[in-house]
Amino acid sequence: ESCIGAPIGANLSTRNALFVFHTRRAAFASNARSFVTASALAIANILERQSFIQQSSDLQRLALLGQLSRALVHEVNHRLSPMPFALDTLQAEFRDLEHLIEKLPQAGAAEFALAAQEFHHTDQSLARFAQAVRALVETAKLFGQMAKIDQETGVLVLSEVANEVANLLRDAA
């Protein structure tokens, strides 16, 4: 039967209003409009604060992802830099093995021992190269896990969010 409304003047992407209803006609006292307007201002303040906290949290996540990306690029470059040398070494060792294999039909015991030694050396080089590739894959997985943003919803502890925002703004200041 009775209704008072006031716009919620928050600077958000949506427009909101506060409506107060009563079942009795002319139920609101003369100061009710002031109370509803003040309540709408308080709600606008809360909504803007929540929006700011969410935006700050999003910015902090983006900053963290940027830092992780830089660290990942550095780590990947660090692990990739010896790989061309390892590949060159492996190719040279395999060429040496080809030459030894070509000579094996007329080879003696010394040549067989040299071939076995070359095979062993090449096997070790290949093992080091494989280990470097595995380390690079593990590094990429680790950074992928660290960069993953958890999309689950849960309890939001406002004091923790407020502390994060304060710390973020302190650093930015």
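This is a predicted model: local features need pLDDT of at least 70, side-chain atom pairs count only at pLDDT 80 or more; totals for chains, interfaces and linings use all residues.
Visitor: What elements does the protein chain hold, and in which order do they run from the N terminus on?

Guide: There are four helices and two strands. From the N terminus on, the order is β-β-α-α-α-α.

Visitor: How do you know that the span of α1 agrees with its number of residues?

Guide: Take 1.5 Å a residue: the 49 residues of α1 should then span 72 Å. The C-alpha atoms at the ends of α1 are 71 Å apart, so the two values agree.

Visitor: Why is F21 called exposed?

Guide: Exposed means over 50% relative accessible area. F21 has 63% relative accessibility, so F21 counts as exposed.

Visitor: And what makes F19 and F21 a stacked aromatic pair?

Guide: Two things. Ring centres have to lie within 6.5 Å to pair, and those of F19 and F21 are 6.3 Å apart. Planes under 30 degrees apart count as stacked, and here the angle between the planes is 20°. By this rule, the count of aromatic pairs comes to one.

Visitor: Let's go to I43. Where is I43, and why is I43 called partly exposed?

Guide: I43 sits in helix α1. Partly exposed is the range between buried, under 20%, and exposed, over 50%. The relative accessible area of I43 is 30%, so I43 is partly exposed.

Visitor: What makes up the largest nonpolar core?

Guide: Nine residues: I4, A6, I8, A10, L18, A32, V36, A40 and A44. β1 (2-8) and α1 (32-80) each supply at least two residues of this core. With four residues, α1 gives the most.

Visitor: Why might nonpolar side chains be found together like that?

Guide: In soluble globular proteins, nonpolar side chains tend to be buried together.

Visitor: Which residues of α1 are buried?

Guide: A32, V36, A40, A44, I53, S56, S57 and L68. For the protein chain of 173 residues, the buried share is 17%.

Definitions and conventions: Residues are numbered from 1 along each chain as its sequence is written. Side-chain values use heavy atoms; hydrogens and water are left out. A nonpolar core is a set of buried Ala, Val, Leu, Ile, Met, Phe, Trp, Tyr and Cys residues joined through side-chain atoms within 4.5 Å. Buried means under 20% relative accessible area, exposed over 50%, partly exposed in between (1.4 Å probe, protein chains only). The expected span of a helix is 1.5 Å times one less than its number of residues. Rings of Phe, Tyr and Trp (its six-membered ring) pair if their centres lie within 6.5 Å; planes under 30 degrees apart count as stacked, over 60 as edge-to-face and the rest as tilted.
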